[in-house]
Amino acid sequence: MPPKFDPKDPAIAELIATFQTIGLSPSKATDAARNPKNAALLKDLIVTNSLHATSLDEKRASLIATFAIQAGSLGENERTYVVKAIVDGRLKSVDQVSAATKYLESHASPIDEASFNETCGVGVNLSIEEVSTRVKTYFDGQNVDSWAGLMTFINSAKATPELRWASPLEVKTATERLFTEKFGPKETGGKPKAKEPKAPTGAKADTTASDITSPSSTPAAPPERTVFEEGFLGKLHKPGGNPQINPKLTQAHLAATHAKVMTRFPPEPNGFLHIGHSKAIFINFGYAAHYGGLTYLRYDDTNPEAEEARYFESILEIVRWLGFEPFRITYSSDYFQELYDLAAELTKRDKAYICEEIHAARGGENRGPRTACLHRTRPVEESLTEFQAMKDGKYKPGEATLRMKQDLEDGNPQMWDLIAYRVLDAPHHRTGSKWKIYPTYDFTHCLVDSFENISHSLCTTEFIQSRQSYDWLCDALEVYKPRQSEYGRLSLQGTVMSKRKILKLVKLGHVKDWDDPRLYTLIALRRRGVPPAAIINFVSSLGVSTTGSNIQTTRFEQSIRQYLENTAPRLLMVLKPLRVTLENVAEDYCEMIEKPFHPKVSELGKSMIPFTRTLYIDADDFRIQDSKDYFRLAPGKTVGLFQGPHPITCTSFKTDDAGNVTELICRLENGTGGSGTVPKPKAFIQWVAEHAASGSPVRVDEARVFLPLFKSDNPAALDDYLEDINPDSLEVIQGAMLEVGFWPLAKQSFQAAKAEAEKRTATAASSVSAEEEKKAHADDDTPVATAAQLFGNEVVRFQGLRVGYFALDKEAHLGCLAEEHEDKTGRFEGDRIILNRIVSLKEDSGKAAS
C-alpha cells in the first residue's frame, strides 16, 4: 500500500499552512500537499516569487497550484514569467496556463511577449455575439444533421483557433441555440418510461452474460454519450496504446488479448466490501464490458495473516449480486513462483538487495533523515544467497527484507527502495507452509497485471504516487507494462468504512455484525433491501473523474427512493394498529376489493383484499383534539381510506384505564343512512381489514426502522468515533400489520428472482472461460458461481403506503417460499415476518418512521 498521507504530520501541516497564505482554501491546500514533488514545486514558486505577500483571490491561487503540477519542465525564469502572468491577470484559465507551459517548453528566455500572448490567448475577450457568429461560421462548414452530433461538434469547435479562448459555457450555449434553430427542440426519446427505473449510463452488467436492467422496448433516440465515453474514462488509451520499453511487448500483448480491453478487480480478502468498492466494481467491469472486453476477479492474497475464507466467498457473491460476471477468478498466489523468480532476476540485475536495517535507514523511531542501507551496495551474489536463505527460513519476521534498488533522492516516497519481499511466519490458505516469504503489494500488483495482460489498471487516486514505482519495476524487468490510471474514490458522509473501525463496532456490540443494516458495507446494504441496480445507478450518476466524491448519505438514499418509486409494489401497511369498528354495517359484512400493486405500473400485478366491519388504522392517524390544520381522523371528522370503497366518520372512541385510545367507533359513509349525502374527505389514510377467512391482516413480528448510526457527518475524523454513536439508531416496532396481498407478492418476488438467478448462473457456467476456470480450480476451494448468491429474502421488497420502503430480513422465515410449498401461499406454522426499512418515503430528519 502507498504511504499514508497525514495532514497532521508537522512537515505536511507546515506545507498546508504555506499554501493557504496565497489564498488556497484549506481543502485545496491539503490536496496540493499530497504529491511531494508537486508540493515542493509549489512551495518554491511561493518563496521565489514572494506570493505569500501578494493578495490573490482563490481562483488565481488555484491557477498557481495547477501550474506547479506542470512547471517541472521549465527553468526558473520561465516559471517566474508564468507566475507573474497569472498574478497580473493575463492568464485567467487552466487552459491558458497549460498553453503557456507548453509554449515555454520550446521558447526559452528571452520571451517574445507578443508571440506568448497570441499563443496563450492573452487579452482575448469574445462577446456572446462574437461567439455565436463564430459557432455559426464553423457549423456551416461541418456535416452535422441532428442533435446526436452535439458533443462532437462542441468539442471540435472549441479546438478551432477562432474559439480556442472563448468561454466553454458560451460556446455550449451558442451551439445549443443554433441546434435548436436547425433541428428543433432536443428530443427526449430513448429515456426510460415513467414505469421503469433510471438505467445506469452505459454499463453492461455482465462481461459474459446479462445486462444490469432490461432494455426499453421502444425505439431509442440516438444514444447519449455514456460515463465510459466521456471525462476520465473517455480519455483512456486504446488497447496497445500504453508505451513499452520494447515494441515487441506491445505486439505480444495485443496477440494474447486480441486487442480487447482487459481490466481486473483486485480486492484484498481481509474484510467485507463497502459502498466505495461498488464504484471500483462498476468502473472495472463496466468499462471492459462497454468496449467488449473482459475482467478478472483477482484476490490479492499476499497477506496470509489477515485472510479468511468467508471474505473470498463474500467478494464473489457481491460482485455477482451487483450484476457482473468475472471472466476468470485468479489469485496473486497463483503466481508466487513466477514472482519469486522475477525477484531473483531483479536481484541479478543489481536492482534489488537484501536489507537488514530498513527501520534505521528510514530515520528510526525519531524520524531522522533517510540514509541508504549499509547493505545497498552488497555484492549481487551475496544478496541472492541471502534471498534464498530468507526463503529457506533463516530469518524471522522483521530481520531481513528484499528491497528494490530505486532512487532514494526522488521526491516520491514510492521510489525510496520499496520492500519487495518480507518474512512472514504464517501459513497461506492456498499454499500452506510452502513459503516463508511473501511478496508485497508494491512488488506483486504491477507484475500480476503484466502476467494477466491487463490493458487498463484502474485504481483510486491514493495510488498516484505508486504509478512511478509500478512503471519502474516493469521496465527494470523488461516485461509488458500495463498503464495505471487513477480515478477519485467514493466516500459517504456520516459513516465509517475502515475495516478496523467496523470490526470494533461489531466486537463491542454497537452493531450486530458486518451486515447490520446501519452500516454501509455492501452486505449490509443488501440485507437492508437496497436493490443492486439502485447502487449501480447511483454510482453511474456520479460520473468518473480524478476528484473524489464525498457524498451525503441523504443523496444516496434519495437515489434509492427514485429507483424504488416505480419498481416497488405498494401494500397497505399499518405500523401501530388502532382498531376501528364500523357501527352501521353487519357483523358478517365483507367486500372484496381488487387492488393493483402499483397505480402506474400494471405489470407489477394486483391482489384481492377484504373490506370488513373491523378495520385497523395507524394510531398516528387519530387524535382526540381536532384542529383546523389537522385533516386526518378525529371525533366527528371524516377521512377517506386509500383504495377503500367509502370514507369513514369517527362517532366515538374507547379508552383503557390509563386514558389510551383502544378502539374507534366509526360510521361507513356509504350513502345509506340519513340524508344520503357522503361527506367529502380532505385526507386519505391507510388501513387493513380483519378477515380470518382470507388471513387478513398479515401480522408482522418485527419492523426495524434504521436511522444514522452516528450523529456527525465525519465520525472517522473524530478522536473517538465511538462517542459519536447515535443511541437511537434502531427502532424495533412489533405488531405492525400488512394487507393480505403480501403473501402473493412475496411468493411472486421470490420465485421471479430465483428463476432469473438460475438462468443467469447457467449462462455464466456455460461460457468457455467458466469451463477453463472449473478445470483450473478443480482441486481447491475457489468460490464458484451459484444461483443462491443472487437472491435471498431481501428480494421481497415493497412500499408500505405512507410509511416507507421495506424488505424481508434474512432472519425472517416464510414457509410459502420453500420449494416443497411451491404451489401454496399464506402463513405457515413457524413463520416469522421481520421487515427492514430500506428508506423512508422522503428524507426525514430524525423521525423513527415517516
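1. K637 touches D626, S627, Y630, F631, R632, I648, T649 and C650, leaving aside residues up to four places away in sequence; contact here means heavy atoms within 4.5 Å. The model is predicted, so local features need pLDDT of at least 70 and side-chain atom pairs count only at pLDDT 80 or more, while totals for chains, interfaces and linings use all residues. Residues are numbered from 1 along each chain as its sequence is written, and side-chain values use heavy atoms, with hydrogens and water left out.

2. K637 lies in the loop between β17 (614-618) and β18 (638-641); strands (E, at least two residues) and helices (H or I, at least four) are DSSP runs numbered from the N terminus. At 16% relative accessibility, K637 counts as buried (buried is under 20% relative accessible area, exposed over 50%, partly exposed in between; 1.4 Å probe, protein chains only). The side chains of K637 and D626 are joined by a polar contact of 2.8 Å (a pair of N or O atoms within 3.5 Å; within protein, one must be able to donate a hydrogen and the other to accept it, and residues adjacent in sequence count only if both atoms are side-chain atoms).

3. In helix α10 (residues 168-183), the buried residues are V171, A174, T175, L178 and F179. They cover an arc of only 135 degrees around the axis, which puts them on the same side of α10; the arc is that of the directions from the helix axis to the C-beta atoms. The face turned away from this buried side carries the exposed residues L169 and E181. Just after α10, G184 takes a positive phi of about 85 degrees.
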